[in-house]
Protein chains: 6
Amino acid sequence: MADIREIQNSAWSKFRPSEAVLRGDSADVYFHRTIHILEKEGLNPISVMEVFPNGGGIICGMDEALALLDRVLPANNREVWALQDGNAVISKEVALRIKAPYLRFGLYETAICGILAASTGWATAARECAQAAGEIPCISFGARHVHPFVSGRMDYAAMVGGCKGCSSVEGARLADIEPSGTMPHALIIVMGDTVKATLAFDKHIDSGVSRVSLVDTFKDEAEESLRVAAALGNKLKAVRLDTPVERGRVTAELVKEVRARLDQAGHSHVDVFVSGGITPDRIRYFVEGGAPVAGFGIGSYISGAKPIDYTADLHEVDGKPIAKRGRIPGITENPRLQRVM
Amino acid sequence: MADIREIQNSAWSKFRPSEAVLRGDSADVYFHRTIHILEKEGLNPISVMEVFPNGGGIICGMDEALALLDRVLPANNREVWALQDGNAVISKEVALRIKAPYLRFGLYETAICGILAASTGWATAARECAQAAGEIPCISFGARHVHPFVSGRMDYAAMVGGCKGCSSVEGARLADIEPSGTMPHALIIVMGDTVKATLAFDKHIDSGVSRVSLVDTFKDEAEESLRVAAALGNKLKAVRLDTPVERGRVTAELVKEVRARLDQAGHSHVDVFVSGGITPDRIRYFVEGGAPVAGFGIGSYISGAKPIDYTADLHEVDGKPIAKRGRIPGITENPRLQRVM
Amino acid sequence: MADIREIQNSAWSKFRPSEAVLRGDSADVYFHRTIHILEKEGLNPISVMEVFPNGGGIICGMDEALALLDRVLPANNREVWALQDGNAVISKEVALRIKAPYLRFGLYETAICGILAASTGWATAARECAQAAGEIPCISFGARHVHPFVSGRMDYAAMVGGCKGCSSVEGARLADIEPSGTMPHALIIVMGDTVKATLAFDKHIDSGVSRVSLVDTFKDEAEESLRVAAALGNKLKAVRLDTPVERGRVTAELVKEVRARLDQAGHSHVDVFVSGGITPDRIRYFVEGGAPVAGFGIGSYISGAKPIDYTADLHEVDGKPIAKRGRIPGITENPRLQRVM
Amino acid sequence: MADIREIQNSAWSKFRPSEAVLRGDSADVYFHRTIHILEKEGLNPISVMEVFPNGGGIICGMDEALALLDRVLPANNREVWALQDGNAVISKEVALRIKAPYLRFGLYETAICGILAASTGWATAARECAQAAGEIPCISFGARHVHPFVSGRMDYAAMVGGCKGCSSVEGARLADIEPSGTMPHALIIVMGDTVKATLAFDKHIDSGVSRVSLVDTFKDEAEESLRVAAALGNKLKAVRLDTPVERGRVTAELVKEVRARLDQAGHSHVDVFVSGGITPDRIRYFVEGGAPVAGFGIGSYISGAKPIDYTADLHEVDGKPIAKRGRIPGITENPRLQRVM
Amino acid sequence: MADIREIQNSAWSKFRPSEAVLRGDSADVYFHRTIHILEKEGLNPISVMEVFPNGGGIICGMDEALALLDRVLPANNREVWALQDGNAVISKEVALRIKAPYLRFGLYETAICGILAASTGWATAARECAQAAGEIPCISFGARHVHPFVSGRMDYAAMVGGCKGCSSVEGARLADIEPSGTMPHALIIVMGDTVKATLAFDKHIDSGVSRVSLVDTFKDEAEESLRVAAALGNKLKAVRLDTPVERGRVTAELVKEVRARLDQAGHSHVDVFVSGGITPDRIRYFVEGGAPVAGFGIGSYISGAKPIDYTADLHEVDGKPIAKRGRIPGITENPRLQRVM
Amino acid sequence: MADIREIQNSAWSKFRPSEAVLRGDSADVYFHRTIHILEKEGLNPISVMEVFPNGGGIICGMDEALALLDRVLPANNREVWALQDGNAVISKEVALRIKAPYLRFGLYETAICGILAASTGWATAARECAQAAGEIPCISFGARHVHPFVSGRMDYAAMVGGCKGCSSVEGARLADIEPSGTMPHALIIVMGDTVKATLAFDKHIDSGVSRVSLVDTFKDEAEESLRVAAALGNKLKAVRLDTPVERGRVTAELVKEVRARLDQAGHSHVDVFVSGGITPDRIRYFVEGGAPVAGFGIGSYISGAKPIDYTADLHEVDGKPIAKRGRIPGITENPRLQRVM
């Protein structure tokens, strides 16, 4: 098994389980009681638990779940098979199978299901966006819509699903990339003018970071785009349109007009990024409408994706097939599973 | 302000901000850049930021957000107004107003919005369930469907929204109650029989914990209910029906039948709890159908609730009204806000 | 014409018209009056009546209608053309053409239309089921949902439409097969246990009748299936799942689970039959869901099929084309019609 | 019990059970087998069977079912409770309870359910029409759309549901009224002219029968109405409009126009009857549109009504409550039931 | 009749019939042929023609139709009854009845129906807008969407239906008011700046005309509103928002924001007008959303309203009731009609 | 440019602009004001205006618009490009481009848009009918549903869209054909009988006009068809069915029946025309239903077609690209445009 461990170790190591999880703080209380009862009864059978999603999608959270199992299962008495982060999975397909003494992993059923559910939901939504966008990169901007404890996990899952960048520092660290971002409305409001804020950005920020100006704060977007392009010249990488719903959101026609006006003024090198309420349907609207978008910033479509719930079932106890009503006793064959421990 | 602090302190103290959040790991990277630019430019105006939800609901996460602000804002130069956890809020209503030097809180915009968005989503879904259920208590069972880092927050928010109990240890601690739970299918499968498992539970678990037997694992629910009732006698508090979708879920008729058979056999003291795919619509189906349910266990309807996104806007800089396009400059009046710092 | 008569005679003879029908008890009273008026006026022209359905389907009732006409039309002054039971017919297509003295058949217009309408409706519904089921046999179980005077006709029509068996004694006699059936819940309830009832069935019933046990009366279906399979061994032909709607109906997953548990216990020879609310949509749900069903029992989808109404029109009187408004005078060509009298 | 019998006898006597039904020809074959097995086992417990519909409606067929039970149950060992023909019944409400030795009635479960299902379906549809029509009488004209074996039962059920007349001879006999009817298109076509046919009708038919002329065969309805009114004068009771769908069906405007033209020509005593595709919705269209209709002829809406299926369950065997899964053991209270045997 | 004529004369005189209409250029050719045939046959009966709409609405075009009839009917041999422009009319209600020699008016059936159809359609749509807007005035701006031959009629009908103003010179003349209007985008584009154009407007246009500035041509609407308000001071009556669909149309939030920014800058006297795709639904959206709109400009909802077709029927010829099939012969009573000639 | 003028002159000359339009009576008042302001300011730049429809369709009204421009633009200082009447155009495609001194055409923006909007709407609806009808000719009968000022324009547009004839005298003159028409109900009612009216038509009307008899006035359509066919013999070209909605409109079955009855009586040369509520859907209903219709008369589907609104934008002033917000400055390329002046 040594080989397997080495391969995986680098991926798992960044998902070090927290002490609270190891203590079982996030466990349903009935698992604490179950462990207690079985210990008192002297029962600790070698058991097989299978974990499967209740809907299809893109798996994420598996490395993190395996990192937890690696920490709690006895090294010399365990067998674990799994699909990998980024794999497509269909509804009810076994994605993880654990064979080990029950008392070593029973407490973590809640945590394992939860890790997989949340991350698979985010990665699946990101995949939908990436497929709609084709060659155009999608960036995850939804950190502000989830609890900060999981914003890094969310951004990491967005990358697994197909995004090319994310805005949170921790998400970028987990995905081993540089965080992406332009500037917030707050910078412009504090400085009082978009051009002034963009020039200050250019002056103080490391030159490796792209200059992308947010152009909907105070003036008409097309007018502001021409002003920042004139001010920064060739250093301007892109403008970002984020028109609020109170002003009718970004339209395909607006992107075309800004593109045309930039080109007429000799700023063809300046890209147009779009954000604000972006969904796969909205991406298709821009793409099919021929709007020359160079990048999409995506917020709550990914961050607010419904978790894809997972279920964990015991299928074998002490070598004997068993199952609750509604399930088929014994191990469920799935040739796509790989032995990982 | 001293009085205010004391009153709030106990509530905030349990939401101690993590070092990662304080460091800004969960912040969008452009806030790091904004702070950097403004520092370099020597700008740190007293600014007013207003935070409002983009949909109506039940506020949750405010105590946690205030705990973070309490830690980072200068004690002698800050004014904070807020609505409270559990308050109803309407779409676009200002729920939090911060007035302080911008560099002291600008970095936390992402975290504050994320804390409020996730928790408000969960609390709002819980309120819908509680309203549908009327007098019948609802218990949050969804810990397994969210990432363990936030499962405690989710269960806490469910309590704020109206649930009477939750299954995770951490959620119960935050809400200052005992965690609720019956027994998992795993205990029954490991022990091989429902009656045996229920007797073991009764033998080993503190007598303060209610005896609730899960009766759909191996046999017909009505048959199993009569078996456990016969075995535990008056000690049995309730049976829980959790019939899987493969067997047609729990129906109102099944609840009535189990109730009738228990009564016919002299077990009128045994309550019937229901779980599995419970939503407000399903609750109304049971209630309006006259099914004698004594408690609902609710999973992904609450845990998978879409976040209710929050937006943060600067409305005043150095005493002057200002705003981005689409917003009205200056402070937005909301007489429901209370000064909390 | 002699040849024609001989061919048909065997089919028609089993549908001997009743005295009440011959008397005209089932006729609309205005036909009695019409016959009376024409007799008084001395009118009895050779008339051509055409009969067609108001919707497409599978013809049934034609043999029965012809048996009636054979009895009442003058042998030496009649011409009858018809499509056959089991033929597909399209809306408005002439299915029966009668040329004879009007007074000899005018009274029977109500009966002929009624025979064809009811039977065509049943046969058409049966065809829909049979097409959905493909190779899997369908059995008609709907006798209890129609008046016993017509339950045999209904079951016969179901066979014409494509069923492979039926439960009523008279339907089976008309279709010249053995009636099908397993056992009613009543037998099991009277005997108090499914295994006991199945053993009694096996003991007393002719060995030519298949042993099919109904397994949803008292216990979980999978558990009961294993019990009866163990008790009867190789003599058990099949189990029948008839889970009531109060328990969520039969699901595809339940069929798969019972199949798997039977196989795991070495009872691969035992088939699984399904009944209860079966419709073409439900059949497709099982077939497309891969559920290993070996036979469907179908009740009210066939027995409650809406009649496909027939209309009878005079198109020629004394050799002259004529018709009421809205119809085209003269004989309607239909090359599919065959001369049968 | 003598009193009860006498009261009911007159109603039941007209529904003498046929020999085929008594022999069990219409029974599901498994009841024959069940009787055989129980006889061999020497089992014939006093059993309670409850019969209820699976949908709400107007009960019909009860007298006929009771006539059958009266014939087969032992006079000195039976208890029967029932609702009555014409009563409203709600879904799942017990409409018939039989307590007697099982072997005396088990064979007739199929027939009893079928009698009730078919007749209740027809009566319920008739009630819908009668309610829509209010004071305007509805006549059942659907004999041609059902098998002649049951056309009398159908017309009888239509009367129970609220119709004021029916066209079949047998239906009228069961309901103890005169059959209704005008004249068929066939009479007019054979005679070649509507006026000629109407005059012949008047000449030869008993003067107790109303003169109602069918006016859509050859000419425009309004023109023909004036012609027959002129020809018959005060003897004409009504004209019947039956415009075929090929000519746009009868419209409310046509009724008003014919009414106005008749009135203008001094024939205010001539009523206007309407038939052809009449449903409750069509009746409401005429009534709410103010069309002066004096009677509706209703065909397949009643005759093609879907049966309202009944289910029969054993709830007590030898004095002990029992039931299959999904039902509640023991007698179901229903204070509306009356003891009838 | 003299009195009647005088009263009406002023209203009719402004609708002088054109020579082309009097010549019958707009008549269906079969009326020319009919006149020719009847003249040749020497037939010119006094006939009664009734004209009614095929849908409900607000009558308009009646004065114009009467002006035509006044010109062509013989003064000493005519009777005309009519409803008035602005009256509500229901579907099929007689709105105009003409009694005169047929040859004097038969040719004008096409023109009379057409005048009423088009004008009634426009007036009815205008009424829907006015009702939705309540106290807020609606102005008709749709002249550019109809042929210039009828643009005056359209604007006049809009006023009859409830608009308070219109933009076309001829429509205003017919309705006896001053035409309304602000300034077109063309003026601003030719002059190159909104403030410059507004100042030029103020300089050269009669001071009786309100100063209303169109503020969406080059810059953000809120920014431009503040610029023109600063430039004109108290002379500015209103700004008009006409944001194109490419920029998301006008929203309720935009109106509120412009209102708030104007108020903050001390320009509370400046009203906000809204135009662009206005319909009754959009009006309700603004009104129910609390947007402080001071006037709506309405284009194609009124100008593109479907005509409400009228039908003309002869009901009496030479004093005898007559009618085509489907109509009731003789004069149709309508007490709301008034004798006008 | 001389060549271009000659080619176009014949087409434009029939659309001589009226004095009212040249005076600007139909112009929005703000254009009068704009001209006044610019004259006072001494501004009259060479400007480029582009005109495009807001929906796709068949262009009509272009010749009329060009006739107006030809009259008002300076012959030596103008460039005009246009698509042609009858061309398909897509939404937003530039259909007309004018380059000339602004003061010479600015006043006519309202009229040009209105001419194009109304005519394009009518032509587009006619094209839909013609495409549905395929080889069967469509005739425009809607003159009575529009104001007589524009009925000729409407009929002309119907011809441009694909109709083969029209009923108004002026429409036929513009399209350079003979007007089409049969006879009105009025002729038949005045003469009292359809046959009599048809014979009078035949007697008095030029033999070059087809004899088409309207057969639904007094009697059943099939009966009347046979009567007129018998009376006129070979001179009868066709019958027209126009059954009113009160009698169920014309049905496909009625057409087939009339066709069959005419053929049975030896009148195969008599065609069947259909009118009354004809739409593309109704045409498809007849065509796909195999009804042998020889011509469709179409009324309000064409005459009541919603205008397809046009927008006019300035894109260049004094040689400099310019545009309002939401449009792209400078000339819009469209290779389909042809230089016409």
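Predicted model: local features only at pLDDT ≥ 70, side-chain atom pairs only at ≥ 80, totals over all residues.

Me: Which helix of chain C gives the most to the side that touches chain D?

Reply: Between these chains, 78 residues of chain C are in contact with 78 residues of chain D. The greatest share of the side of chain C comes from a helix spanning residues 29-41, which supplies 10 residues. That element is helix α3.

Me: How many nonpolar residues does the side of chain C that touches chain D have?

Reply: Contact here is judged by C-beta atoms that lie within 7 Å. By class, this side of chain C includes 24 polar and 16 charged residues. Its nonpolar residues number 38.

Me: What kind of axis relates chain C and chain D?

Reply: Chain C can be laid on chain D by a turn of 180 degrees, with a shift of 0.0 Å along the axis and an RMSD of 0.0 Å. The two copies are thus related as by a two-fold rotation axis.

Me: What percentage of the interface residues of chain C are also interface residues in chain D?

Reply: The copies meet through the same surface, because the interface residues of chain C are also interface residues in chain D. The proportion is 100%.

Me: How far apart are the end C-alpha atoms of residues 123-310 of chain A?

Reply: UniProt, in an unreviewed entry, places the feature "domain: Quinolinate phosphoribosyl transferase C-terminal" at these residues of chain A. The span is 47% helix and 13% strand. Its end C-alpha atoms lie apart by 15 Å.

Conventions. Residues numbered from 1 in each chain as written. Chains lettered and ligands numbered in written order. Contact = placed C-beta atoms within 7 Å. Helix = DSSP H or I, 4+ residues; strand = E, 2+ residues; numbered from the N terminus. Nonpolar A, V, L, I, M, F, W, Y, C, P; charged D, E, K, R; others polar. Least-squares fit on C-alpha atoms with pLDDT ≥ 70 in both. UniProt positions renumbered as here; feature names shortened; annotations may be inferred.
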